[in-house]
Amino acid sequence: MQKKVVRSLVAAGLLFSISSTTLAATDNQSSQIELKFNATIDIDGVENILIEDPTLGSDATGEDGFCVGGFGFPTFSITFESNDGKNDTEFSLINSDESQKVNYSVGFDNSTTGSFTTVTQGVALTNQKRNNASCSGTDNARFQITVANADWQTSDVLDGTSYTDTLMITVASE
């Protein structure tokens, strides 16, 4: 009788182990996937402008192409500021002893072939469409400097040799 019980227990154990592998348990988890862009903006390729010996009777002009790139935003603002150390509200070039200044204007084009929009010193031009995600040596914007003939072709200005300013250009994502 003891042999029958042992055999029955062994048979029941085998049956239990076989049925536990055929009745597998399951579990699951889920993962939320997110692609996120933190706003990044870049300005690249801004060069110095030299306006040398302008033509008498004409406005003196110069321009420079550059790139605005970034991602995480559809539009940006751009601000141009005169950094001549005078804390004034106009764009102006000054001579080396700061005795003479010459006003100039700035135009911005958010392309390389369009027309220039005149900007106000220190006031942001808003809602400019982002054209590129990155700057890789390709210009996608430009600015123009214009010194009106009436401002530079005067005896006081023509008696000098050089007038300078530093133009600060700031871009910000919107």
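1. Let's start with the sulfur bridge: the torsion about the S-S bond of C67 and C135 is about -90 degrees, so this disulfide (a pair of cysteine sulfur atoms within 2.5 Å) is left-handed. The S to S distance is 2.2 Å. C67 sits in strand β2 (residues 60-71) and C135 in the loop between β8 (125-129) and β9, so the bridge ties together distant parts of the chain, 68 residues apart. Helices (H or I, at least four residues) and strands (E, at least two) are DSSP runs, numbered from the N terminus. A search of the whole structure turns up 1 disulfide.

2. A word on the source: this is a predicted model, where local features need pLDDT of at least 70 and side-chain atom pairs count only at pLDDT 80 or more, while totals for chains, interfaces and linings use all residues. Residues are numbered from 1 along each chain as its sequence is written, and side-chain values use heavy atoms, with hydrogens and water left out.

3. Now the overall layout. The protein has 3 helices and 10 strands, running α-β-β-β-β-β-β-β-β-β-α-α-β from the N terminus.

4. Buried residues make up 26% of the 174 residues in the protein.

5. Last, contacts (heavy atoms within 4.5 Å). Of those between residues at least 6 apart in sequence, 76% join residues at least 24 apart.

Methods:
Buried < 20%, exposed > 50% of the residue type's maximum accessible area, 1.4 Å probe, protein only.
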